[in-house]
Amino acid sequence: MPTNGRFAPSLDSIQQKVESGQRLSLDDGLFLYRPDTPLHEVGRLADSVRRRLNGNLAYYNINTHLNPTNVCIYRCTFCAFRADLRDPKGYVMDDRQILARGEEAVQNGCTELHVVGGLHHQKEYAWYRNLLEILHDAYPQLHLKAWTAVEINWFEHLTGMPVRAVLEDLVEAGLGSMPGGGAEIFHPDVRGQLCEHKADATKWFEIHRTAHQLGLRTNCTMLYGHVESPFHRLDHLIRLRELQDETGGFQTFVPLAFHPANTGLSHLSQPTALDDLRTVAVSRLMLDNVPHIKAYWIMLGIGTAQAALAYGADDLDGTVRHELIYHDAGAVTPETLSVDAIRRLITEAGREPVERDTLYRHVVRDAEQPAQWQIGAPIEV
Ligand code: V47
């Protein structure tokens, strides 16, 4: 049925597009987000795309987090982790503590250290760079997925160097890839209410584009369930899809459900499980060019993350340890999950669990010494 010269989407028209590999439009996405569009149908379509891209495999990794400081010049309204310079809860880790985290990670068989933190008022660029360098020198087998685009933008400011030079210098120090944080919601009407002073959408994309041009793989995220509308979510997804068309450098998209406790938006309620599942599914359908959708169990909760494997997600992130950003904001998930627990969640969902490294290569463990690992043959979907 034409409306204003355009055809109004329906489940049938969207299904036809999905089956023939055609790209979904903003209007299609808005239709999928309507509460009266049955969630199970949206999930079924998303699951078909997931299967086409990833077969019966569902991924996880063995990883640890490192947040070297929570002291931050910015006051993002959604953040419970940050602290002011003289706040008693503020901390800064020294080299010994940072290396101890690397040692613990290696002892636990981790393949990845996820490193992000605050933008400390008094720390120079050399501190952030040095931290990567000492970790990389001591534990070269540990992949350093480090610094969001917001931090890279801060390093530009601290050094006066262009993005490309900052990234090249960090790669020399040991940077392996970049996480997807700092994206929040790109639309300025919402971004202005969340984090008006930090890197805007144009800057975030410039940094990821440059990283991709240098051969770095990065992830992308969307913080949802606060003051934004479905339109803002779709605008966000479409912007990500456009950069991916240009560079192909995003590996995985991570939808991040807002946790309100202890934040400047604590009067809001957390998104529901149904919103979480719909968002995973709509993301899978809209981001037809991003290989993986991650159901980050820390943030979704274990039950919803497992269910998300039937709504378009193919990755549960990792064992995780020392996560602070979500736990400071009221997440009640455990601090870590064992490999056995993750594999069971995946198997029960009817999928085949595959341990991956940060770059989605198959990790093979020594049966006698599980902390020892090597990269196996390419994964066949
Ligand atoms: O940018 C902060 C979000 C992000 C809250 O790349 C919050 O694999 C909800 O990006 N409620 C950082 N969200 C975390 C992140 C991430 C996590 C896991 C995996 C990957 C990956 C990336 O966390 C921030 C912000 O969007 N965040 N505070 C909060 N109260």
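The model is predicted: local features need pLDDT of at least 70, side-chain atom pairs count only at pLDDT 80 or more, and totals for chains, interfaces and linings use all residues. Residues are numbered from 1 along each chain as its sequence is written, and side-chain values use heavy atoms, with hydrogens and water left out.

**Stop 1**

Select 218–224, 250–257 and 292–293. The residues 218–224 are β8 and 292–293 are β10; 250–257 are β9. Helices (H or I, at least four residues) and strands (E, at least two) are DSSP runs, numbered from the N terminus. The three strands form an open, parallel sheet in the order β8-β9-β10. Strands pair if DSSP finds at least two bridges between them. β8 and β10 are the edges, each pairing on one side only. β9 and β10 share 2 bridges. Now pick Phe253: its bridge partner in β10 is Ile293.

**Stop 2: His226**

Move to the loop between β8 and α10 (230–247), where His226 is found. His226 is buried, at 10% relative accessible area (buried is under 20%, exposed over 50%, partly exposed in between; 1.4 Å probe, protein chains only). A polar atom of its side chain lies 2.7 Å from the backbone oxygen of Leu223. Residues touching His226 include Ile185, Val190 and Phe258.

**Stop 3: the ligand**

The ligand has 22 residues around it; Phe78, Gly182, Glu184, Lys294 and Tyr326 are the closest. Then check the polar contacts (N or O pairs within 3.5 Å):

- Glu184: a polar side-chain atom is 2.4 Å from a ligand oxygen.
- Tyr326: a side-chain N or O atom is 2.7 Å from a ligand nitrogen.
- Gly181: a backbone N or O atom is 3.2 Å from a ligand oxygen.

**Stop 4: Ala377**

Finish after β14 (373–375), in the segment that holds Ala377. Ala377 counts as exposed because its relative accessibility is 54%.

Note on methods: Near = heavy atom within 4 Å. Polar contact = N/O pair within 3.5 Å; in protein donor to acceptor, adjacent residues only side chain to side chain. Contact = heavy atoms within 4.5 Å. Lists of a residue's contacts leave out its neighbours within four places in sequence.
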